[in-house]
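I opened a new notebook page for this one.

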Amino acid sequence: MSEYKKEDVVIIGAGPAGLTAAFELIKNNNFNVTVLEKNEKIGGLSRTTEYNGCKFDIGPHHFITQSDLVEVWWKEVMKGEEDHGNRFVQLKRFTRIYYKKHFFYYPLQPMNALFGLSIFESIRCIFSYIKIRLFPIKKVETFQDWVTNKFGYRLFSIFFKTYTEKVWGILCTQISSDWASERIKGFSLSKAIFYAFFGKWAKKNAPRTLSDTFYYPELGAGTLWQKVANQITNSSLGKIKLNSSVVQIKHNNKNIISVLTGDFNLPINSAKKLQEYKAEHFFSTMALRDLILSLDPLPEEKVLNAAKKLVYRGLITLNYIVNKSNISPDHWIYVHEKEVLMGRIGNMNNFSLKMVDDKNHTALSLEYFDFVTSSFWNLSDEQLLDIGKNELEQIGFLKKDLILDGMVLRETQAYPVYDKNYKESLKIVLYYLSGFSNLYLMGRNGLHKYNNMDIAMLSAFKVVNELIDKSKKQDNYFVNNYKNNSVSL
Ligand SMILES: Cc1cc2nc3c(=O)[nH]c(=O)nc-3n(C[C@H](O)[C@H](O)[C@H](O)COP(=O)(O)OP(=O)(O)OC[C@H]3O[C@@H](n4cnc5c(N)ncnc54)[C@H](O)[C@@H]3O)c2cc1C
């Protein structure tokens, strides 16, 4: 039998995209794969953290996709997990919006919305909708323009403005309309509002998201990714190196040669020895800004400046164990109330009762969006937990005395921001990176695309196929998309 050398692949990031790519490459049997992960755990934003017997996702992560390929893949991975008490269950979504002390069903139900908004406000919404249909905004540039054109200013201001500005930390007039067209197109809230207000006739055309069932692993979203990681490390072809932050990427302008990692969880005074990984191919899910700034040698000023303009929004989750069961029937509650800083409440019990240590307890996760430079971000965990408790009481959701315990998780790059200038910067960065023949970009921050797990996975499938069938790399989507634009470097 002829022995041939398997090619080495380094994958940066053990989130859904990185793990999917590693899993698929190992299946192909022609590659030795090393996944480098800066955290001490795998799963990225889709991991589950255990705290005092309760389990918390980074905001509950539901498994939903339009892709049969992805759905079959998830089910295949979860096969046999039922023997470990971890079924991949299908759930019916129940979500509400909290606005002006009322809960609105999501998708909206006309009577509930009318009652909650008052007849007067509902009439204003309808007139504002008619007005925008008659006199639409001609030059649609921002999120506000896009949504107002679709639904009228009143509905925009009630059901979109506050929450969106909490998530992004910039005014809706500063957010690119791309975000709306990418997300809201398939986003049930807007469609639900539309169907609720503008006629049952449209319901038969409702998108799949409105039927709203989803899958969830009973022991937490991250357990699916842990199973994938186990299969990678159980293979003789796969390794995952935790606490390995890629800080330097050596290249010769055509190819990536190696990456260097450090363990930044070590105490400040300990020697941070960098470890070098050489490979034939490199896959990356790290934030594009960080990738460019880690290049050695650095690219020219124009590319550096473009990378520096890519912005990321952080997320703090306040995770509480509450001494009460059945707090609310919701999976998520979107908090549109201006008076509080929280953006969303996730009730882990309603995803699975196995997420709590005791059936009389509830695991609640509160989401706060912020930039890492803000004073809020830098408050102590105790201060943050106090703010969360007070806000829960303020909105009448829960008496704070019922909270037994809590812990804080911080994600510095939870959202790639689509501000008005991001597209131009992204174009420059992607165009430059497309010059490396052995670099494959994928995932959420790896492509600066605000996407869910399934789309992150699809981006991994795509680049794995490109490597396996190298002729496809020439046909790189990003080169195709950007090479005809007048980007001068
Ligand atoms: C609050 C919230 C709720 C969400 N809810 C859902 C949901 O319900 N359903 C859904 O499908 N999706 C949801 N998502 C989106 C989902 O989390 C992402 O789509 C998915 O995790 C993206 O996978 P990824 O591998 O591209 O990126 P990530 O999950 O971000 O993983 C990237 C990995 O790379 C590592 N990394 C970064 N830089 C380096 C470096 N320099 N060196 C080494 N490692 C590095 C990171 O530590 C991380 O582990 C949600 C996201 C958020 C923030």
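**Overall count.** I started with the secondary structure and got 16 helices and 20 strands in the protein. I kept in mind that this is a predicted model. The protein has 489 residues, and 45% of them are buried. Next I looked at contacts with a separation of 6 or more: 72% of them come from residues 24 or more positions apart.

**Helix H6.** Where does H6 bend? I found the bend at Phe160, and it is about 45°. I also checked the cover over this helix: 13 of the 16 residues in H6 are buried. Just past the end of H6 sits Gly169, with a positive phi of about 75°.

**His336.** I then went to the loop between strand E16 (332–335) and strand E17 (344–347), where His336 is found. Is His336 buried, exposed or partly exposed? I call it partly exposed, because 19 other C-beta atoms lie within 10 Å and buried would take 20 or more. Leaving out residues up to four places away in sequence, I listed what His336 touches: Ile97, Tyr98, Tyr99, Phe159, Thr162 and Tyr163. I also noted Lys166, which is 170 residues from His336 in sequence but 8.8 Å from it in space, C-alpha to C-alpha.

**Trp73.** My next stop was helix H2 (residues 68–78), which holds Trp73. I put Trp73 down as buried because it has 20 C-beta neighbours inside 10 Å. I also looked up Thr20, which is 53 residues from Trp73 along the chain; their C-alpha atoms are 9.7 Å apart.

I went looking for positive phi values outside glycine. Asn29 has one, at about 75°, and I found Asn29 in the loop between H1 and strand E2 (31–36). Asn29 counts as exposed because it has 9 C-beta neighbours inside 10 Å. Asn326 is another non-glycine residue with a positive phi, near 50°. I traced Asn326 to the loop between strand E15 (312–322) and E16. With 11 C-beta neighbours inside 10 Å, Asn326 counts as exposed too.

I also wanted to know about cis peptides. Which residues does a cis peptide bond join? I noted Asp296 and Pro297, with omega about 5°. Pro297 lies in the loop between strand E14 (295–296) and helix H11 (301–308).

**Ligand.** I left the ligand for the end. How many residues surround it? I got 35, the closest being Gly13, Gly15, Gly44, Gly59 and Gly443. Sorting the shell by class gave me 13 nonpolar, 16 polar and 6 charged residues. By domain, I found at least three shell residues from domain 1 (7–47 + 220–307 + 419–482) and at least three from domain 3 (312–416).

Key
Residues numbered from 1 in each chain as written. Predicted model: local features only at pLDDT ≥ 70, side-chain atom pairs only at ≥ 80, totals over all residues. Near = placed C-beta within 6 Å. Nonpolar A, V, L, I, M, F, W, Y, C, P; charged D, E, K, R; others polar. Domains from an automatic or database assignment. Bend = angle between axes of the 7 residues up to and from the residue. Helix = DSSP H or I, 4+ residues; strand = E, 2+ residues; numbered from the N terminus. Buried ≥ 20, exposed ≤ 12 C-beta atoms within 10 Å, placed from the backbone. Contact = placed C-beta atoms within 7 Å.
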